[in-house]
Amino acid sequence: MLRVGHTVASLHHSDHGTLSVAGGSTVGIYQCSTGQLDLLSSFDPGYTMPLTCVYHDLAKVVSSSQDGTVSIHNCCSHGQHQLIHTFSHHKSTVTRFHYSEGTLAMSSSDKTVSLWTPSLS
């Protein structure tokens, strides 16, 4: 069991053995080992309201917030995360998103669904 110090809004367990946890204003990335979780990195994506969802793979962290935005950060060495894109077209909380093969599908409490294919070059 891991105590994170805030209410967990979302988590994502990846195929490469990591767990990303979002809550409050923090995203934590943990390595899943036999019976324990070791913190690899933790960062504040810079939202103005609490996080709602998180996704993590080897190259990037995607997160969303009650402020209506979704951000994509590169995963860099030494736990640093560099913002590469922000989607800010929703007028209310981003309630869910799905990121796959470079396309981001999002839903919001403003009663809209959006598709976005950012250029990550």
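Analyst: A salt bridge here requires a side-chain nitrogen of Lys or Arg within 4 Å of a carboxyl oxygen of Asp or Glu. The side chains of D57 and K60 meet in one, at 3.6 Å from N to O. The structure holds one salt bridge. The model is predicted, so local features need pLDDT of at least 70 and side-chain atom pairs pLDDT 80 or more, while totals for chains, interfaces and linings use all residues. Residues are numbered from 1 along each chain as its sequence is written, and side-chain values use heavy atoms, without hydrogens or water.

User: What makes D57 and K60 count as buried?

Analyst: Relative accessible area decides it: under 20% is buried, over 50% is exposed, and in between is partly exposed (1.4 Å probe, protein chains only). D57 has 17% and is therefore buried. K60, at 13%, also counts as buried.

User: How do you know that strand 5 and strand 6 are paired?

Analyst: Two strands pair if DSSP finds at least two bridges between them. Strand 5 and strand 6 (residues 60-65) have five bridges and run antiparallel. One partner assignment is L51 with S65 in strand 6. A hairpin of three residues joins strand 5 to strand 6. The strands themselves are DSSP runs of E with at least two residues, while helices are runs of H or I with at least four, and numbering starts at the N terminus.

User: Why is strand 5 described as largely enclosed?

Analyst: Strand 5 (residues 51-56) has six residues, and six of the six are buried, so the rest of the structure largely encloses this strand. C53 is one example, buried at 6% relative accessibility. Y55 is also buried, at 19%.

User: Why are strand 1 and strand 4 called edge strands?

Analyst: The sheet concerned is open, with four strands in the order 1-2-3-4 and antiparallel pairing. Strand 1 (10-13) and strand 4 (36-43) each have a single partner strand, so one side of each has no neighbour in the sheet. Neighbouring strands in this sheet are turned against each other by 20 degrees on average, direction ignored; the axes are lines fitted to C-alpha atoms (for helices, over the stretch in contact), and angles between N-to-C directions run from 0 to 180 degrees.

User: What joins strand 3 to strand 4?

Analyst: Strand 3 (residues 26-33) and strand 4 run antiparallel and are joined by seven bridges. In strand 4, L37 is the bridge partner of C32.

User: How do you know that C32 is in no disulfide?

Analyst: A disulfide needs two cysteine sulfur atoms within 2.5 Å. The structure holds zero disulfides. For C32, the nearest cysteine sulfur is that of C75, 15 Å away. C53 is likewise in no disulfide, with the sulfur of C75 nearest at 17 Å. As for accessibility, C32 is partly exposed at 26%.

User: Why is the Y55 and Y99 pair called tilted?

Analyst: Rings of Phe, Tyr and Trp (its six-membered ring) pair if their centres lie within 6.5 Å; planes under 30 degrees apart are stacked, over 60 edge-to-face, and the rest tilted. By this rule there are two aromatic pairs. Y55 and Y99 have centres 5.8 Å apart and planes at 50 degrees, a tilted pair. Y55 belongs to strand 5 and Y99 to strand 9 (residues 94-100), so the contact ties together parts 44 residues apart in sequence. Y99 is buried, at 7% relative accessible area.

User: What makes F87 and W116 a tilted pair?

Analyst: Their ring centres are 5.2 Å apart and their planes stand at 50 degrees, so the pair is tilted. F87 lies in strand 8 (residues 81-87) and W116 in strand 11 (residues 113-116), distant parts of the chain 29 residues apart. F87 is buried at 7%, and W116 counts as buried at 17%.

User: What makes E101 and K111 stand out in their backbone angles?

Analyst: Each has a positive phi in a residue other than glycine: E101 is near 50 degrees, and K111 is near 70 degrees. E101 sits in the loop between strand 9 and strand 10 (103-108). K111 is in the loop between strand 10 and strand 11.

User: Are E101 and K111 buried or exposed?

Analyst: E101 has a relative accessible area of 81% and is therefore exposed. K111, at 80%, is exposed as well.
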